[in-house]
Amino acid sequence: MHFVPQFTDGQAFSHALGKIVCVGRNYSDHAKELNNPIPTEPLLFIKPATSAVNLTETLAPPFSRGSVHYEVELALLIGETLTQASSDQAERAIVGIGLALDLTLRDKQSQLKEKGHPWEVAKAFDGACPLSAFLPLSRVPNWNALAFSLEINGEERQHGEGSDMLFPVPILVAEMSHHFTLQPGDVILTGTPAGVGELPRGAELRLSLTGGLEVTTRVIE
């Protein structure tokens, strides 16, 4: 079943889910914890729409393929076409804000990186992008004031703030539009803060975002 973007009031978005454009290493502490260099420009990659699943449903990642890591991220829903956009244009095109998990087959990713190969096998598999509903944006928020977190079995594992992003939201989305045309229904993942780790089987996850968004889910045993 295809993921359908919807808002927290239950209203479905008027466009189908498109591509999911992601940025790696947008928080310096996360780059450091994986012994990666801090980038001087956004490190971009794409997950297909088929990787998206509803975050509120039980998560069933492919544990048989190796270690699965969690990465909580702020997710943005795009509402209009953007090509070669300015930061102001990019900001105005964001119609919703939510939460996502960028699930990663970490062993596989490490093997691919060592060989200089693309990451898609480790990042774009079916179910690799659990997504929440989106808080509708009637106005541009204060991106720096946004905070989000992930708890696993009641213990906070990750906490991120917009003010800590290496590439702030308007600049990031505009930069993406200079490489790929963004269309209504596309989703942007804005990077993960420090604290990533292996996703435990049977765990209960709680994700929260300032503004009142809170999601709980479970992982298969």
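His 69 stands opposite Glu 198 in strand S13. The model is predicted, with local features requiring pLDDT of at least 70 and side-chain atom pairs counting only at pLDDT 80 or more, while totals for chains, interfaces and linings use all residues. Residues are numbered from 1 along each chain as its sequence is written, and side-chain values use heavy atoms, leaving out hydrogens and water.

Strand S4 (residues 68-70) and S13 run antiparallel and are joined by 2 bridges. Strands (E, at least two residues) and helices (H or I, at least four) are DSSP runs, numbered from the N terminus. Two strands pair if DSSP finds at least two bridges between them. An open sheet of 3 strands has the order S7-S4-S13, with antiparallel pairing. S7 (104-105) and S13 (197-198) stand at the edges with a single partner strand each, so one side of each has no neighbour in the sheet.

Helix H5 (residues 169-177) is mostly covered, with 7 of its 9 residues buried. Buried means under 20% relative accessible area, exposed over 50%, and partly exposed in between (1.4 Å probe, protein chains only). Among the buried residues of H5 are Val 169, Leu 172 and Met 176. The buried residues pack against several elements (contact: heavy atoms within 4.5 Å). These include strand S1 (20-24), helix H2 (87-92) and strand S12 (187-189).

Two loop residues were also examined. Arg 25 lies between S1 and helix H1 (28-33). Its phi is positive, near 60 degrees. Arg 25 is buried, at 15% relative accessible area. Gln 84 lies in the loop between S5 and H2. Phi of Gln 84 is near 50 degrees, also positive. Gln 84 is partly exposed, at 49%.
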